[in-house]
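The following exercises are to be worked with the sequence and the coordinates at hand. Each task is followed by a solution in steps.

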Amino acid sequence: MLKNKCTNPAARFLLFFVFTCLIGCTGGVEESAPDLVLLISVDAFRADQLSSYGGKVVLDSFEMMARYGTLYEDFTVPVPMSRPSVASLMTGLGPLDHGVRNDVSDPLPAELPTLATRFRQAGWNTAAFLNSPTLSWGSGLRNGFEIFDGPEITAFGPAMYAPHI
């Protein structure tokens with residue numbers, strides 16, 4: 001059983017993509033409205049291994065978030081690849097509509113509004129922290145984020161030639 005610290009290098013890598021929307025709206029917001037929205041997306045991880053989902057692996061931070069936040073037990077992606085799935089999550093569109101069809105395709109078009117764009121328009125501060133080359137600067141997934149901290153180089157595909165703005 002793992003407790004507090006994950007010593008498996010592969011498991012540490014699994015936490016490669018974290019979208020965070022930090023410090024929410026101020027003024028005019030109901031008392032029950034959240035002041036923080038934290039969206040964590042982990043790729044290539046078997047949720048059934050985590051104790052939150054009935055497994056044996058205990059990760060205290062995940063356990064706390066599962067206890068006090070919203071834990072989704074069933075989530076389906078439109079395609080089994082990182083970039084198009086995250087593009088769909090962030091835009092609400094399918095791969096044929098947003099144009100990101102695989103992990104090496106062209107980047108998400110800048111003119112498409114994302115979840116981060118909508119949060120910023122509503123007055124939220126937005127930030128993304130990630131460690132995946134397929135979701136890096138060149139992926140187009142930085143749209144709407146004030147802070148985008150991730151790899152500057154996309155490992156492959158046309159997206160690697162996108163300018164860093």
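**Exercise 1.** What volume does the largest pocket have? Describe its lining as well.

*Solution.* The model is a predicted one. Step one: the volume of the largest pocket is about 1500 Å³. Step two: its lining consists of 40 residues, and Leu39, Ile40, Ser41, Tyr53 and Tyr72 lie nearest the centre. Step three: β2 (37-40), α2 and α3 (82-91) are the elements that give two or more residues to this lining. Step four: sorted by class, the lining of the largest pocket holds 28 nonpolar, eight polar and four charged residues.

**Exercise 2.** Which residues have the most contacts inside the largest nonpolar core?

*Solution.* Step one: this core has 14 residues, and Leu108, Leu141, Phe145 and Phe148 have the most contacts inside it. Step two: α3 and β3 (127-130) are the elements that give two or more residues to the core. The largest share, three residues, comes from α3. Step three: take Phe148 and leave aside its neighbours within four places in sequence; its contacts are then Ala128, Leu130, Leu135, Ser136, Trp137, Leu141 and Arg142.

Definitions and conventions:
Residues numbered from 1 in each chain as written. Predicted model: local features only at pLDDT ≥ 70, side-chain atom pairs only at ≥ 80, totals over all residues. Heavy atoms only, no water. 1 Å grid on protein atoms, 1.4 Å probe; cavity = no way out; pocket = protein on both sides within 12 Å on 5 of 7 lines; lining within 4 Å. Points joined across faces, edges and corners; volume = space filled by probe spheres on them. Helix = DSSP H or I, 4+ residues; strand = E, 2+ residues; numbered from the N terminus. Nonpolar A, V, L, I, M, F, W, Y, C, P; charged D, E, K, R; others polar. Core = buried A, V, L, I, M, F, W, Y, C linked by side-chain atoms within 4.5 Å. Buried < 20%, exposed > 50% of the residue type's maximum accessible area, 1.4 Å probe, protein only. Contact = heavy atoms within 4.5 Å.
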